[in-house]
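Work through the following exercises with the sequence and the coordinates side by side, and try each task before reading its solution.

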Amino acid sequence: MDIFLEWVGSTVSMSRREATEVFSEWAEKGKDKGMENGHAASVHAMLELGGIPRSDNYSAVDIGCGNGWVCRLLAQDESCTRVLGVDGSEAMISKARQIDSNGEYKVTKLPEWMPSEKFDFIHSMEFLYYLHDPQSMLKQLHENWLNSGGMLVAGIDHYRENDDSHDWPDALNVHMTTLSIDEWKAAMIEAGFIDVEMHQVAASESFLGTLVMCGKKN
Ligand SMILES: C[S@@+](CC[C@H](N)C(=O)[O-])C[C@H]1O[C@@H](n2cnc3c(N)ncnc32)[C@H](O)[C@@H]1O
């Protein structure tokens, strides 16, 4: 029986679609705008919490940037000298470039790619749990993407305590890694981040809130 269940489990996970393929379809159908609107309250709260460098000039990257709306928000900050948007969906990035032809956007699947220059601020909304090993992505972000003294702020709506999100992998037929708040916190600390804080923002009667993890690189 155990072997049978293992086989069923591996067959289901083998037939999962790539998240980037699903989100390309969303971009083609114009659903990226609805996602932007749906995430706006959480992202604004994250940017308040997330320790954007307030005074000095800083560089920023948005990982899993979708149509690039957070990049354009950050670019409005006159202290932000460079902002890069990274996403594995061709259609999302092509949309970002149509909206903002001067913006800097890169189509690439993660975790395979890493930047040649590090950043002072990393933002990411609703991306990390699509990875099979988000813990090692956090390590890579700490080691290879962030300058010393830089901050990461990442938000996720799919996490163990948020029961309403448990059927999303089947609904979208996409892999999602389901971790608890304590497991995400441990992953941040294990990755090397200091001053790690966990928050739940934009909660309502029907929503437990976006889980936000913030941390600094020494
Ligand atoms: C839920 S959407 C969020 C988009 C954007 N952050 C927002 O809030 O509107 C997740 C994004 O992550 C991207 N993504 C998922 N897995 C990826 C991977 N392995 N490499 C690069 N991008 C990925 C998808 O293409 C998609 O645009």
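**Exercise 1. Describe the polar contacts of the ligand and its burial.**

A polar side-chain atom of Asp87 lies 2.6 Å from an oxygen atom of the ligand, a polar contact being a pair of N or O atoms within 3.5 Å. The model is predicted, with local features requiring pLDDT of at least 70 and side-chain atom pairs pLDDT 80 or more, while totals for chains, interfaces and linings use all residues. Residues are numbered from 1 along each chain as its sequence is written, and side-chain values use heavy atoms, without hydrogens and water.

Next, the side chain of Trp69 places an N or O atom 3.0 Å from an oxygen atom of the ligand, whereas Met125 uses a polar backbone atom, 2.9 Å from a ligand nitrogen. Finally, the protein buries 97% of the 600 Å² that the ligand exposes when taken alone (Shrake-Rupley method, 1.4 Å probe).

**Exercise 2. Determine how helix 2 and helix 3 are oriented, and which residues join them.**

Begin with the geometry: helix 2 and helix 3 (residues 31–49) pack at about 100 degrees, their axes 5 Å apart. Helix 2 is therefore roughly perpendicular to helix 3, a term that covers angles of 65 to 115 degrees. Then list the contact (heavy atoms within 4.5 Å): Phe23, Trp26 and Ala27 of helix 2 meet Lys31, Asp32 and Met35 of helix 3.

Definitions and conventions
Polar contact = N/O pair within 3.5 Å; in protein donor to acceptor, adjacent residues only side chain to side chain. Axes fitted to C-alpha atoms, helices over the stretch in contact; angles between N-to-C directions. Helix = DSSP H or I, 4+ residues; strand = E, 2+ residues; numbered from the N terminus. Parallel < 35°, antiparallel > 145°, perpendicular 65-115°, else oblique.
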